[in-house]
Amino acid sequence: MSQTEGAELFRENWIAGVRRHFPGEPKAGYVTPWEDTPEWERQAAGSVDEQVRHFIEISSGHAARLSREQKSRFVATCWTAQMFNHFEDPKPGYVADWPDLPSWQQETDADIFEAIEKSLS
């Protein structure tokens with residue numbers, strides 16, 4: 001899978017997760033379609049997708065044994081690193097530690113990890 005395809009998979013699963021887990025109506029930016037997603041966000045999504053894929057591969061598939069929380073934490077940490085990569089002074093919400101994220105975002109991050117896992121099988 002190319003980095004662009006991985007980034008699109010990440011974004012599609014982010015949007016699906018937001019629609020599934022967000023309480024009420026999400027902000028428009030949370031569900032912006034791929035073609036309207038800013039370039040920095042496309043790059044960040046591709047990088048996180050690549051990091052998760054590599055992590056799964058080097059664990060010889062045993063990352064499947066991680067809890068949903070562990071999977072979510074991994075995605076969130078990778079995303080935080082990308083925010084520091086793309087922004088000199090990122091918004092606090094972009095770099096919040098996992099326990100400080102809203103539950104809908106924690107669940108969405110776990111969904112993303114599991115979607116990437118599924119794409120590898």
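The model is predicted: local features need pLDDT of at least 70, side-chain atom pairs count only at pLDDT 80 or more, and totals for chains, interfaces and linings use all residues. Residues are numbered from 1 along each chain as its sequence is written, and side-chain values use heavy atoms, with hydrogens and water left out.

**R53**
- R53 sits in helix α2, residues 39-58 (helices are DSSP runs of H or I, at least four residues, numbered from the N terminus).
- R53 is buried, at 9% relative accessible area (buried means under 20%, with a 1.4 Å probe and protein chains only).
- Beyond its neighbours within four places in sequence, R53 is in contact with M1, L9, I116, S119 and L120 (contact means heavy atoms within 4.5 Å).

**Helix α1**
- Helix α1 covers residues 3-21, 19 residues in total.
- From first C-alpha to last, α1 reaches 26 Å, close to the 27 Å expected at 1.5 Å a residue (the expected span is 1.5 Å times one less than the number of residues).
- Buried residues of α1 include L9, F10, W14 and V18.
- The buried residues of α1 pack against α2, α3 (68-86) and α4 (103-120).

**Largest pocket**
- The lining has 29 residues, and W14, Y30, W79, Y94 and Q105 lie nearest the centre of the pocket (a pocket is an open set of 1 Å grid points where a 1.4 Å probe fits, with protein on both sides within 12 Å along at least five of seven lines; lining residues have an atom within 4 Å of a point).
- α1, α2, α3 and α4 each supply at least two lining residues.
- α3 gives the most, with five residues.

Notes: Buried < 20%, exposed > 50% of the residue type's maximum accessible area, 1.4 Å probe, protein only.
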